[in-house]
Amino acid sequence: MGTFFLLFLFLSAATNVFGSNICTSRGVTTCQQCLAVDPSCAWCSQEEFGKGGSSVSRCDLKQDLLDGGCNEDALEFPLSNLTIQKDKPLSDKASVAAGVTQIQPQKVHMALRPGDAKRFTVSVKQVEDYPVDLYYLMDLSFSMKDDLERLRTLGNKLAAAMGRTTSKLRMGFGAFVDKTASPYMYTYPPEAVKNPCYGISTTCQAQFGFKHVLSLTERVSSFNEEVGKQQVSRNRDGPEGGFDAIMQAVVCKDKIGWRPDASHLLVYTTDAVTHLALDGRVAGIVQPNDGQCHLDSDNVYNKSTVLDYPSFGLMMDKMSENNINLIFAVTNNVLPLYKEFSQLIPGTTVGELSRDSGNVIQLIEEAYAKIRSKVELELIDVPEELNLSFNATCLNGEVFLGLKSCSGLGVGDTVSFSVEAQLRGCPKEKSRTFTIKPRGFQESLEVTVDFACGCDCEAMAEGNSSLCSNGNGTYECGLCQCHPGRLGPRCECSTEGYSPSDDANCTPKPDSPICSGRGDCLCGQCSCHANEFGQVWGKYCECDDFNCLRFKGALCSNHGKCSCGFCQCDSGWDGDNCNCTKRTDTCMSSNGMVCSTRGNCECGVCQCTQPGAYGATCEKCPTCPDSCTIKKACVECQHFKRGQYIKDNSCSRICKDEITVVEALGDKKNAVNCSYKDENDCVEHFQYYEDESGKSHLYVIKEPECPEGADILVVLLAVAGAILLLGLVGLLIWKLLVTIHDRREYARFEEERSKAKWDTANNPLYKGATSTFTNVAYRGN
């Protein structure tokens, strides 16, 4: 029994010596530092806590502090929490009277401790019949003369086409040329200022930067009337001043007439490249664009010769602020350039405009459908110390890790995003508000975050307290924060007094260096040296924030916080050095599948597992089924509404191709022509093509090649003829066999007759046929 008692005492002592945890191992000396170590750490501000001879840490797990004698009232243990303050249900259809709700919830409040995280869900739905404001911004340089003539006839058709998607359409019109300064305009001869076409012996209107012609209106006749009044102009250089016009059309919302509860479409049409920021220096214009509205009483841009062209960043900010969806409708010669522009300006679509703008209606319809088919969340004013990670739940409930967008949607579809907010550090402010909104939407989610970084006991700090050796420190949260030159639990020791006997209290082990070689032992306490690389702390100066694993020279890959030799990774990252992302959108192939279903996404990179597969998303595989076999299933489900993808409701998720029905396949470069036989034994022909942006296009022949049905009359006649023929053949064969048989029998008869031998002797029994009688009464002469 005594042996077991001794063993129990030994284990208890070992627990006290070796049973440190993440809270006690960091050697923190203040309440605020304690709360920053880990969300599970608590601080005891009770004055008497730890007075008993044993070295007890005030920063420990909550239960350990309570077990150690700390009163619950003296515990500093703030909890993270989340409250949904506004949660209106999603609308089914746009209604001006009741208002439209396309995002849920609308307002969230949370309190976060450093290192802690809270998760909430955001749902987004594109309602039916949502109002649309369409502002047509046209290049009126001389090369667009035929486009202007064509547009004069398209107003009603454009309204009718957009009317199929919304009953609340408003249309407006604006025009641009370029800055009215040399070398952008003709200044000689003087007549060319008022008539830039003077040099080509024709007449056109004077050059202007941007002119707002028609505010957004429901009257299509007004649109046609104002477009009919317009005339082209002429500028000197090739590029136009379109970005000046875009900026004014975006920010002059009152004059343009953008409605707050509508989709805002800005259609930009041109056949030329555009000037960019800093190009104005050629004309001596050095003042940066201020992103403000500068339309005069005639609705003409009056800062054309004062402000430089806007930058991409400024345009992106203003478009996001005013919920503008920009559509570049440009001709083939500048299409690649504007596709590059669209990569720099989120929420922008690009379409190829015919030479006379004849296809502009179809282009706008397709662009609007593309805009409505995608939901992407954008973040506004998120604090640097707050890390947000997203998981998207798109159609059919499939979850995409690390993704904050869904595509392939239809009107009325609802998607959701799981958002995790993690506090990495403590900002100066105690509270911040940021916004999450779908790009191009008016509705948004407002998130307010309170940063639980401080302790309540700090408000009761007593400066120059008598508890700290007669005023040699500030008494705060149960401890003395000593003045410079003073040390000790009660600031009772001066750094000028040094005793070698105190060194034993500054080493964790007898043979260890004093204060881990990174500090001085003063009054039995380690005073850690300052370090140019970061902060050093701990009871024995054993901790720092710069000795952690690095990746490509970056501490914790710049995706985490170094704390006492370990990387504490931000939300969405993993690994010993936080270099492994949990996102999967970087592994998404053009067909919408993770690693083309030929591999696994590990740390944001595809690891191809199918033999023969390679490429960034395992999209290349010579030994795998070819593209025709892969795209066949998409043609079946997207065009013919049948097949396996329809049965398992995965068509919209897997097939992201743009289907076009054609009469005949074209001769596009790098296109693949495919054929297959369907379930009806018809041969289907289609063409697979990927454009420069990587978007997949499928061109399907309208009518498949099916075998023609049999002619019933021909079949009946053929069957009757066949039966008759078979009967005649049967009779002929029977006749032939009978004839052969008869001839054989006759031959046999002849043979037997020739072999017969006849006897010529008299037959005694034979009597002749003639009998002679004598007439007895006859008496001759």
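I looked up the handedness first: helix 8 and helix 10 cross in a left-handed way, where left-handed means that the near helix is turned anticlockwise from the far one by less than a right angle. The model is predicted, so I noted that local features need pLDDT of at least 70 and side-chain atom pairs count only at pLDDT 80 or more, while totals for chains, interfaces and linings use all residues. Residues are numbered from 1 along each chain as its sequence is written, and side-chain values use heavy atoms, with hydrogens and water left out.

Next I looked up the geometry: helix 8 (residues 242-251) packs on helix 10 (residues 312-321) at an angle of about 25°, and their axes are 10 Å apart. The two helices are therefore roughly parallel, a label for angles under 35 degrees.

I then listed the contacts (heavy atoms within 4.5 Å): F243, I246, M247, V250 and V251 of helix 8 meet F312, L314, M315, K318 and M319 of helix 10.

For helix 10 I checked burial (under 20% relative accessible area, with a 1.4 Å probe and protein chains only) and found L314, M315, K318, M319 and S320 buried. The buried residues of helix 10 pack against helix 8 and also against strand 12 (324-330), strand 14 (375-380) and strand 19 (431-438). After helix 10 comes N323, with a positive phi near 55°.

Last, I looked up I364, which, leaving aside neighbours within four places in sequence, is in contact with L134, Y136, L158, M162 and V267.

Note on methods:
Axes are lines fitted to C-alpha atoms, for helices over the stretch in contact, and angles run from 0 to 180 degrees between N-to-C directions. Helices (H or I, at least four residues) and strands (E, at least two) are DSSP runs, numbered from the N terminus. Angles under 35 degrees count as roughly parallel, over 145 as roughly antiparallel, 65 to 115 as roughly perpendicular and the rest as oblique. Buried means under 20% relative accessible area, exposed over 50%, partly exposed in between (1.4 Å probe, protein chains only).
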